[in-house]
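Colleague: I would like to learn how to read a model of this kind, one feature at a time. Could you take me through it slowly, with the general idea before each case?

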Amino acid sequence: MASTLTLRQRLNQLGGDPPDQIPFLVWLLENPDSRFALPGCIDLHGHDCLHVLLQRGFSPYDEAFVLGFSMGNDVRTKGIHVLLLKLASQLLYPAKYRFVPDHFISFDLGYRYGKGVAIRDLNKLDYRSFYELPVGRLQQKLGIDPMALRLLKCVERLG
């Protein structure tokens, strides 16, 4: 079962994009090293860790959910930030990274779930310190409920 694997083991199974493949505009708005990054910004490694913790792959719906979660979980996020991200991701991002209106259902579910997680600003954690913890234990420690994640996936499919 995936929840008994450690964070390191699960990360080794992922196949996300390498840093040099991330388009500049995505980096500009979503990476903490950018002076124009929006709240919820997270480095690529942390973003991949959230994929693991949120039990998400790399489809556009999964990316939208993870991005929504990261923004919703950041205490600095305001409505204008969400609007800017949605506009940029729909109109300006390169095709592979672009969201269409259907993806915003996933984004909004992730955003609301991120807001509801008791531990805030998970986008600022150093996940390397959790490498040897089983994913299920780390989810529990951070207040991420696997059952809620499964229910949200069902809601997404109904959307």
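**Reading a helix, its surroundings and the spaces between**

Modeller: In helix α3, the buried residues are H45, G46, H47, D48, C49, L50, H51, V52 and L53. Please keep in mind throughout that this is a predicted model.

Colleague: Why is α3 described as largely enclosed by the rest of the structure?

Modeller: Buried here means under 20% relative accessible area. Nine of the 10 residues of α3 are buried, so the helix is largely enclosed by the rest of the structure. The cover over these buried residues includes α1, α4, α7 and α8.

Colleague: What caps the N-terminal end of α3, and what follows the helix?

Modeller: The N-terminal end is capped by D43, which has a side-chain oxygen 3.3 Å from the backbone nitrogen of H45. After α3 comes Q55, with a positive phi near 55°.

Colleague: How should I read a positive phi?

Modeller: Most residues other than glycine have a negative phi. Q55, a residue other than glycine, has a positive phi near 55°; Q55 sits in the loop between α3 and α4 and, at 35% relative accessibility, counts as partly exposed. D121 is not a glycine either, and its phi is positive at about 60°. D121 belongs to the loop between α6 and α7 and, at 18% relative accessibility, counts as buried.

Colleague: Which residues touch the most other members of the largest nonpolar core?

Modeller: In soluble globular proteins, nonpolar side chains tend to be buried together. Here the largest nonpolar core has 25 residues, of which L7, L54, F69, Y113, Y127 and I144 touch the most other members. Two or more residues of this core come from each of α1 (7-13), α3 (44-53), α4, α6 (103-116), α7 (135-142) and α8 (146-158), and α3 provides the largest share, four residues. Taking L7 as an example, and leaving aside neighbours within four places in sequence, its contacts are C49, V52, Y127, F130, Y131, L133, V135 and L138. Another core lies apart from this one and has 15 residues, including L29, A88, F107 and Y111.

Colleague: How much space lies in the largest pocket, and which elements line it?

Modeller: Rolling a probe the size of a water molecule over the atoms shows where empty space is left. The largest pocket holds about 570 Å³ of space. Its lining has 27 residues, and the closest to the pocket centre are I22, V26, H47, E63 and Y97. The elements that contribute two or more residues to this lining are α2, α3 and α4, with α4 giving the most, five residues.

Colleague: How many cavities of 30 Å³ or more are counted, and which residues line the largest one?

Modeller: Unlike a pocket, a cavity is a space where the probe fits but cannot get out. The count comes to one cavity of 30 Å³ or more, with about 30 Å³ of space in the largest cavity. Its lining consists of L29, E30, L38, P39, G40, C41, L67, M71 and L85, which divide into seven nonpolar, one polar and one charged. Both α2 (24-30) and α4 (60-73) supply at least two residues of this lining.

Colleague: Where is N31 found, and what does its side chain reach?

Modeller: N31 is found in the loop between α2 and α3 and is buried, at 12% relative accessible area. Its side chain reaches the backbone nitrogen of D33 at 2.7 Å. Beyond residues up to four places away in sequence, N31 touches V26, A37, C41, I42 and D43.

Colleague: To finish, which side chain makes a polar contact with that of K86?

Modeller: K86, which has its place in helix α5 (residues 79-91), is joined to D108 by a side-chain polar contact of 2.7 Å. With neighbours within four places in sequence left aside, K86 is in contact with F104, F107 and D108.

Technical notes
Residues numbered from 1 in each chain as written. Predicted model: local features only at pLDDT ≥ 70, side-chain atom pairs only at ≥ 80, totals over all residues. Heavy atoms only, no water. 1 Å grid on protein atoms, 1.4 Å probe; cavity = no way out; pocket = protein on both sides within 12 Å on 5 of 7 lines; lining within 4 Å. Points joined across faces, edges and corners; volume = space filled by probe spheres on them. Nonpolar A, V, L, I, M, F, W, Y, C, P; charged D, E, K, R; others polar. Core = buried A, V, L, I, M, F, W, Y, C linked by side-chain atoms within 4.5 Å. Buried < 20%, exposed > 50% of the residue type's maximum accessible area, 1.4 Å probe, protein only. Contact = heavy atoms within 4.5 Å. Polar contact = N/O pair within 3.5 Å; in protein donor to acceptor, adjacent residues only side chain to side chain.
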